[in-house]
Amino acid sequence: MNLIDVLIQQHRDAEALFEAWRHTPDEEKPELCLRLAETLTLHTTLEERWVYPVARTVVGGPHIDFAVEEHGEMMQLLSELLRIRHDARRRDATVRQLEAVVAQHMSEEERDVLPRLRKMDSGVFGPSSDEIVRSASDARSEAMRQLETSAPV
């Protein structure tokens, strides 16, 4: 699977988690908050470290700057979500906000960025997609620690 396919699969995984949210009992939602945070943090890390540097030259800096701003908004919402994950009312409102930001971001990316990157040689990203995902997973662990530190339970 190439890196663009990995990103698109991660989009589908995020959509599935948001759909699962609607059918998950309240007592299981704190755990689902963690899964959302892990999934979106991995995706954000992968994009910012490996995809966006290439995308800046292919798609253009202003478009990628906006995508990075959206990531910042997502990370703020994830931090808030982890902090309030045991407060059902506030948690559900935050997930709705997060889902709206993520859906907008994924739509723009799949429309404007990924098709143009798919035309590039996969070697332009450096390591293989498996190596990139492994490295992003390690970085995600650190990002999750930072999120959890800024979001006491």
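**Figure 1. How α3 packs on α4.** α3 and α4 meet at an angle of about 160 degrees, and their axes sit 10 Å apart. Axes here are lines fitted to C-alpha atoms, for helices over the stretch in contact, and angles run from 0 to 180 degrees between N-to-C directions. That makes the two helices, α3 and α4, roughly antiparallel to each other (angles under 35 degrees count as roughly parallel, over 145 as roughly antiparallel, 65 to 115 as roughly perpendicular and the rest as oblique). The α3 and α4 crossing is left-handed, meaning that the near helix is turned anticlockwise from the far one by less than a right angle; clockwise would be right-handed. Sorted by class, the contact of α3 with α4 has twelve nonpolar, six polar and eight charged residues. For the classes, Ala, Val, Leu, Ile, Met, Phe, Trp, Tyr, Cys and Pro count as nonpolar, Asp, Glu, Lys and Arg as charged, and the others, Gly among them, as polar.

A word on the model itself: it is predicted, so local features need pLDDT of at least 70 and side-chain atom pairs count only at pLDDT 80 or more, while totals for chains, interfaces and linings use all residues. Residues are numbered from 1 along each chain as its sequence is written, and side-chain values use heavy atoms, with hydrogens and water left out.

**Figure 2. The whole fold, for orientation.** The protein has five helices and zero strands, giving the pattern α-α-α-α-α along the sequence. Helices (H or I, at least four residues) and strands (E, at least two) are DSSP runs, numbered from the N terminus. Of the 153 residues, 45% are buried; buried means under 20% relative accessible area, exposed over 50%, and partly exposed in between (1.4 Å probe, protein chains only). Take the contacts (heavy atoms within 4.5 Å) between residues at least 6 apart in sequence: 78% of them join residues at least 24 apart.

**Figure 3. α1 against α2.** Here the packing angle is about 160 degrees, with the axes of α1 and α2 10 Å apart. α1 and α2 are therefore roughly antiparallel to each other, and α1 passes α2 in a left-handed crossing. On the α1 side, the residues in the contact include Leu3, Leu7, Ala14, Phe18 and Trp21, and on the α2 side they include Leu32, Leu36, Leu40, Leu46 and Val51. By class, the α1 contact with α2 has 15 nonpolar, four polar and three charged residues. One to pick out is glutamine 10, in helix α1: at 10% relative accessibility, glutamine 10 counts as buried. Apart from its neighbours within four places in sequence, glutamine 10 is in contact with Leu42, His43 and Leu46.

**Figure 4. The largest nonpolar core.** This core has 20 residues, and Phe18, Trp21, Leu36, Leu40, Leu81, Leu98 and Val102 have the most contacts inside it. The elements giving two or more residues to this core are α1 (3–23), α2 (29–58), α3 (61–83) and α4 (88–118), and α2 gives the most, with six residues. A nonpolar core is a set of buried Ala, Val, Leu, Ile, Met, Phe, Trp, Tyr and Cys residues joined through side-chain atoms within 4.5 Å. Leaving out neighbours within four places in sequence, leucine 40 contacts Ala14, Phe18, Leu78, Leu98 and Val102. There's also a second, separate core of 16 residues, which includes Val51, Tyr52, Ala55 and Ala67.

Figure 5. Leucine 81 is found in helix α3 and, at 1% relative accessibility, counts as buried. Leucine 81 and cysteine 33 are 48 residues apart in sequence, yet 6.8 Å apart in space, C-alpha to C-alpha. With neighbours within four places set aside, leucine 81 contacts Cys33, Leu36, Arg91, Thr94, Val95 and Leu98. Arginine 91 belongs to helix α4 and counts as buried at 2% relative accessibility. Beyond four places in sequence, the contacts of arginine 91 include Trp21, Asp26, Lys29, Cys33 and Leu81.

**Figure 6. Glutamate 109 in α4.** Glutamate 109 lies in helix α4 and counts as buried, at 3% relative accessibility. Glutamate 109 and isoleucine 8 are 101 residues apart in sequence and 9.4 Å apart in space, C-alpha to C-alpha. Not counting residues up to four places away in sequence, glutamate 109 touches His11, His43, Glu47, Tyr52, Leu114 and Pro115.
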